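Please consult the sequence and the model together while reading.

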Amino acid sequence: MSAMGCDEFVEQVTAYLDGALDTVNVNRFTGHIADCDGCEVYLRQIRVTIAELGRLPGPGLADRTTATLLAAFRDRSANETPSEGSQDVRGAGFPGPLSGSS
Ligand SMILES: [Zn+2]
């Protein structure tokens, strides 16, 4: 069993929290935390981030951002009411010259 490096630790951290790692890699993962203070802190920060977001950070975050933007665009176009029927056509009644000075 080879020791896990910090770069691999970072790659595996979401899989670990997702329960997606197999037993061997979980042992290597937890073994690395025992040896590496930096990664122990990193794991703690990831846990806090997940607690705040209510979900795992990852590629899905971009999808959610896109959906939020699309919803914002939909709201904006819904508020733009078209100005049809508000045209006021005038000028049909021509008064003509007043002729009463005889
Ligand atoms: Zn490390």
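## Model and confidence

This is a predicted model, in which local features need pLDDT of at least 70, side-chain atom pairs count only at pLDDT 80 or more, and totals for chains, interfaces and linings use all residues. Residues are numbered from 1 along each chain as its sequence is written.

The chain averages a pLDDT of 78, and 58% of the residues score at least 70; pLDDT is the predictor's confidence in each residue, from 0 to 100. Where pLDDT is low, the predicted coordinates should not be read in detail.

## Overall architecture

The protein chain has four helices and zero strands, giving the pattern α-α-α-α along the sequence. Helices (H or I, at least four residues) and strands (E, at least two) are DSSP runs, numbered from the N terminus.

Of the 102 residues in the chain, 4% are buried. A residue is buried if 20 or more other C-beta atoms lie within 10 Å of its own, exposed if 12 or fewer, and partly exposed in between, with C-beta atoms placed from the backbone. Among contacts with a separation of 6 or more, 50% are between residues 24 or more positions apart; two residues are in contact if their C-beta atoms, placed from the backbone, lie within 7 Å.

## The annotated domain

UniProt, in an unreviewed entry, places the feature "domain: Putative zinc-finger" at residues 6–39. UniProt positions are given in the numbering used here, feature names are shortened, and annotations may be inferred rather than shown by experiment. Over residues 6–39 the chain is 82% helix and 0% strand, and the end C-alpha atoms are 7 Å apart.

## Helices 1 and 3

Helix 1 (residues 6–17) has twelve residues and reaches 16 Å from its first C-alpha to its last, close to the expected 16 Å. Helix 3 has 17 residues and reaches 24 Å between its end C-alpha atoms, close to the 24 Å expected. The expected span of a helix is 1.5 Å times one less than its number of residues. Helix 1 is followed by Gly19, with a positive phi near 75°, and helix 3 by Gly54, whose phi is also positive, near 75°.

The axes of helix 1 and helix 3 come within 11 Å and cross at roughly 30°; axes are lines fitted to C-alpha atoms, for helices over the stretch in contact, and angles run from 0 to 180 degrees between N-to-C directions. In this pairing, Cys6, Phe9, Val13 and Leu17 of helix 1 meet Gly38, Cys39, Leu43, Ile46 and Ile50 of helix 3.

Leu43 lies in helix 3 (residues 37–53) and is buried, because 20 other C-beta atoms are within 10 Å. Not counting residues up to four places away in sequence, Leu43 touches Val13 and Ile33. Leu43 and Val10 are 33 residues apart in sequence and 8.6 Å apart, C-alpha to C-alpha.

Arg47 also lies in helix 3. Arg47 counts as exposed because it has 12 C-beta neighbours inside 10 Å. The C-alpha atoms of Arg47 and Thr14, 33 residues apart along the chain, are separated by 9.7 Å. Helix 3 as a whole is hardly covered, with one buried residue among its 17.
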